[in-house]
Amino acid sequence: MSERAAPTRGGEMRERATREFATRFGAPPAFVARAPGRVNLIGDHTDYNDGFVLPMAIDRAVWIALRPRPDEHVSVHSPDFGETLELDLADDTRGEGWGEYIRGIAWALRQSGRTVRGWDGVVTSDVPIGAGLSSSAALEVAAARAFAASGSFSWEPSEMALLAQRAENEWVGVSCGIMDQLISATGEAGHATLIDCRSLAARAVRLPTDMAVVVLDTATRRGLTGTAYNERRSQCDAAATALGVKKLRDVDLGTFEKRAENLDSVMRRRARHVITENARVLAAADALVACDVHAVGRLMNESHASLRDDFEVSRDELDIMVEIAAALPGCHGARITGAGFGGCAIAIVDGDAAGVFAAEVARLYERATSLRPLIYLCAADRGASIERL
């Protein structure tokens, strides 16, 4: 099944949130907060190694229609889950479920010295959950936008992204890097963003107008809490220590090859992926500037092989999807996107071939796996926003 990104989807999601809010709370909301998901063109598992990434915010987002409250209580309804949560923000007892992303943001904001006020709200989203498109980061950043509006403190995108990352690391328990939250907060329409995850320096990179970005959802899912994700991060930290550096970002390929004997076989593979992936990210950004889509595709293919063989975060369905996509006319390259272990791959395709490509990759993948995929033609969108009604 393929799905072209509809120009009115954002408007429909916004209207769904505001309409549901009025029904539940008896009056229109005061604000609508929005934060997009993201897809990473190249550069996975480099962010928590202080490396480089090249994501883009996508035209799929989390929307929160809200009305501020004078207390520290959040009453929030999700029509997607069919669930209403009552959250006491003063209670630091950790729980489970999607509400913990909201409570984690409130906790991180309080830790930063900000005054947190509650709100009544309705949350809607068209970011697929567990697909590797950062639904959790979008919820975190949208919640931060909502708390900024309710608490009347200023919105500083990079700082808010860091607080959202802290919430996911220390409250939710996923040792993610900064990429997902930062691109959700700072994305630019029509552009990917080259991010230095150490300095947080970011440079917008315009995407060629004749290039389509196609997200390939394998219909497999993974949850990051309690998975091998945290194990991979620990292995990278151990490799950096064995190489005598703070982070793998500080090792170039030549130095790695000279010192690789200091690592066991697992750490050697993990480090090799991170070091070569950083180089691929920088090369891909340069290739996009030069409108050399073929070079970007070649780098994406190399990235997938590295994630599959050295970082070992692929699975059969992802490999099948990438192999099918890369062989189709008009496709320049394909790879896993996100943390791996399930979820989505990504392909870059000639714009005039994207529709046929989407239908054919869906047909061939379903025939090979008996799974029905969703294929999203995504546009690069702007970062988080707030609308006062």
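How close do the axes of helix α3 and helix α5 come, and at what angle do they cross? In this predicted model, the axes of α3 (residues 135-151) and α5 (residues 179-186) come within 9 Å and cross at roughly 55 degrees. Axes are lines fitted to C-alpha atoms, for helices over the stretch in contact, with angles from 0 to 180 degrees between N-to-C directions. Helices (H or I, at least four residues) and strands (E, at least two) are DSSP runs, numbered from the N terminus. The angle therefore makes α3 oblique to α5; under 35 degrees counts as roughly parallel, over 145 as roughly antiparallel, 65 to 115 as roughly perpendicular and the rest as oblique. From α3, A137, A138, E140 and V141 make the contact (heavy atoms within 4.5 Å). From α5, the partners are D180, Q181, S184 and A185.

A second pair involves α10 (residues 316-327) and α11 (residues 354-369). Their axes come within 10 Å and cross at roughly 140 degrees. These helices are therefore oblique to each other. In α10, E317, I320, M321, I324 and A325 meet residues of α11, including F357, V361 and L364.

Confidence is given as pLDDT, the predictor's score for each residue from 0 to 100. The chain averages 92, and 96% of the residues score at least 70. Strand β1 (residues 2-4) is lowest, at a mean of 39. Helix α9 (residues 293-309) is highest, at 98.

Residues are numbered from 1 along each chain as its sequence is written, and side-chain values use heavy atoms, without hydrogens and water. As the model is predicted, local features need pLDDT of at least 70 and side-chain atom pairs count only at 80 or more, while totals for chains, interfaces and linings use all residues.
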